[in-house]
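Dear colleague,

I am passing on the model below, and would be glad if you could read the notes that follow with it open beside you.

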Amino acid sequence: MPLDPTVEEQEFLADTLGRLGRAMNLREAVVEPLVCAGLVAATVGVWLICPPHPFAIVPALACLALLVMATLVRIDTPFGYTVPTQLAFVPLLFVLPPAVVPIAVAVAFMLARIVPVLRRQVRASRLIGMTGNAWFSIGPVAVFALAGVPPRAAGPVLLIAALGAQFAVDFAVSVSRVLIARDAPVASQLKETWVYSIDAALSGIGLLVANSIHSSPEALLALVPLLALLTVFARERSQRLTGLIELNNAYRGTALVLGDVLEADDGYTGEHSRSVVGLAMDVGHKLGLDAERRRNLEFAALLHDIGKITIPNEIINKPGKLDPDEWAVMQTHTIEGQKMLDQVGGFMSEVGRIVRAHHERWDGGGYPDGLTADAIPLEARIITCCDAWNAMRTDRSYRKALPYELALAELSANSGAQFDPRVVDTLVSVVAPKHQLEVAQHPRHLPASLATESLAT
């Protein structure tokens with residue numbers, strides 16, 4: 001992941017960073033024990049194929065200590081983190097019998113998290129997930145066990161096969177684990193395979209030390225300065241990514257404050273804007289907007305009427321229709337809203353462009369720029385439709401909310417004129433199931449008709 005992650009990556013990263021301090025959800029509570037059970041079964045399989053033999057204790061303990069140190073160097077990714085374990089893992093392969101290696105790796109991950117658990121920075125229940133991280137060791141030990149050749153006697157082909165097996169097993173388990181537990185798309189996870197280039201690069205260094213570890217265990221000390229350097233890099237990266245998340249939270253906080261200001265100024269407008277958000281997000285999701293556009297849609301839906309705080313309350317709350325002069329003042333709220341968001345800066349300027357366009361019409365009869373069809377940002381078209389639907393389905397100062405059937409008829413009548421037909425169809429597919437559920441739970445006789453209003457306001 002680069003230092004300028006996409007919005008989707010930022011969302012997953014923020015979730016990942018907060019996950020260790022939270023209790024496991026239901027999916028994780030099911031997946032993590034299964035991952036650990038699979039690791040145990042695979043280790044037992046290797047044990048049966050190649051039973052352990054005596055090994056040198058001092059080099060093994062030295063490798064284990066270095067492995068613990070390496071697991072503390074977290075390089076954050078959206079779906080977890082990578083650690084430079086290859087520096088210690090490769091020498092460990094040369095010291096321990098294959099069947100013992102996964103056990104040692106699991107122990108190292110557990111030892112590295114004892115202090116955070118005692119400090120309550122990490123939930124104790126998360127330790128089972130740390131154990132499951134040892135899956136990457138199964139690939140290479142299985143290769144050596146099946147080949148019947150110890151790593152010290154392995155040639156280049158077998159060593160490369162072991163490394164390839166490590167990456168394949170680790171990737172398969174990691175992708176399945178995150179896909180099931182967190183609904184992370186495989187395509188998004190594929191973008192994070194760059195971490196294997198780090199492992200590949202460090203494997204060569206680890207191999208150089210591994211070849212001399214039996215005669216000179218102190219050779220491991222040569223890897224400590226490299227780990228220290230990687231620690232500095234990891235911390236700088238973490239601070240940069242954390243700062244980016246905090247900046248996005250600041251933008252969100254700014255939007256919420258503006259929303260509160262709007263609600264304090266005009267209770268109906270503020271409440272209306274918040275109601276439009278959920279509906280717009282459902283429609284945007286169904287239309288396949290990516291994470292960045294969904295973020296812009298969310299902020300624009302929340303703040304689409306923010307410019308109304310510049311409009312006199314006697315115009316905002318006037319019963320009945322506005323006169324031409326009042327209407328001209330009312331129409332300025334889209335431009336004023338964009339100006340306010342432009343002053344915030346960053347991606348809020350793009351949100352401002354959407355806010356400016358949320359009263360444009362599909363047929364070009366809207367304001368302030370008279371845009372038509374696809375020239376209107378899709379996010380603005382979504383808000384226009386959801387805004388009108390919410391306005392029709394809520395009480396106003398001059399009339400009661402319209403019944404579902406009348407609001408639906410009004411929406412359909414304006415499809416292709418005021419509204420994007422595709423957005424109308426999508427909105428109907430969102431609200432229809434909710435209405436059916438409401439009718440099923442609270443059956444009642446609905447009035448046959450109610451006076452309608454212009455949707456242009």
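**Cavities, a pocket and a buried arginine**

Helix α9 gives the largest share of the lining of the largest cavity, 10 residues, where helices (H or I, at least four residues) and strands (E, at least two) are DSSP runs numbered from the N terminus. The model is a predicted one, in which local features need pLDDT of at least 70 and side-chain atom pairs count only at pLDDT 80 or more, while totals for chains, interfaces and linings use all residues. Residues are numbered from 1 along each chain as its sequence is written, and side-chain values use heavy atoms, with hydrogens and water left out.

On a 1 Å grid over the protein atoms alone, a cavity is a set of points where a 1.4 Å probe fits but cannot get out, a pocket is an open set with protein on both sides within 12 Å along at least five of seven lines, and lining residues have an atom within 4 Å of a point. A volume is the space filled by probe spheres set on the points, which are joined across faces, edges and corners.

Two cavities of 30 Å³ or more are present. The largest cavity has a volume of about 950 Å³, and of the 41 residues that line it, Phe79, Gly80, Tyr81, Asn133 and Ser174 are the closest to its centre. Its lining comprises 17 nonpolar, 14 polar and 10 charged residues, counting Ala, Val, Leu, Ile, Met, Phe, Trp, Tyr, Cys and Pro as nonpolar, Asp, Glu, Lys and Arg as charged, and the others, Gly among them, as polar.

The second largest cavity has a volume of about 40 Å³; its lining, which includes Trp362, Arg381 and Asp420, divides into three nonpolar, two polar and four charged residues.

The second largest pocket holds about 480 Å³ of space, and among its 17 lining residues Leu72, Arg74, Asp76, Arg113 and Ser238 lie nearest its centre. Helix α12 (residues 224-265) supplies the largest share of this lining, five residues.

Finally, Arg295 lies in helix α14 (residues 291-303) and has a relative accessible area of 11%, so it counts as buried (under 20%, with over 50% exposed and partly exposed in between, for a 1.4 Å probe and protein chains only). Leaving aside neighbours within four places in sequence, Arg295 is in contact (heavy atoms within 4.5 Å) with Val7 and Phe347.

Best wishes
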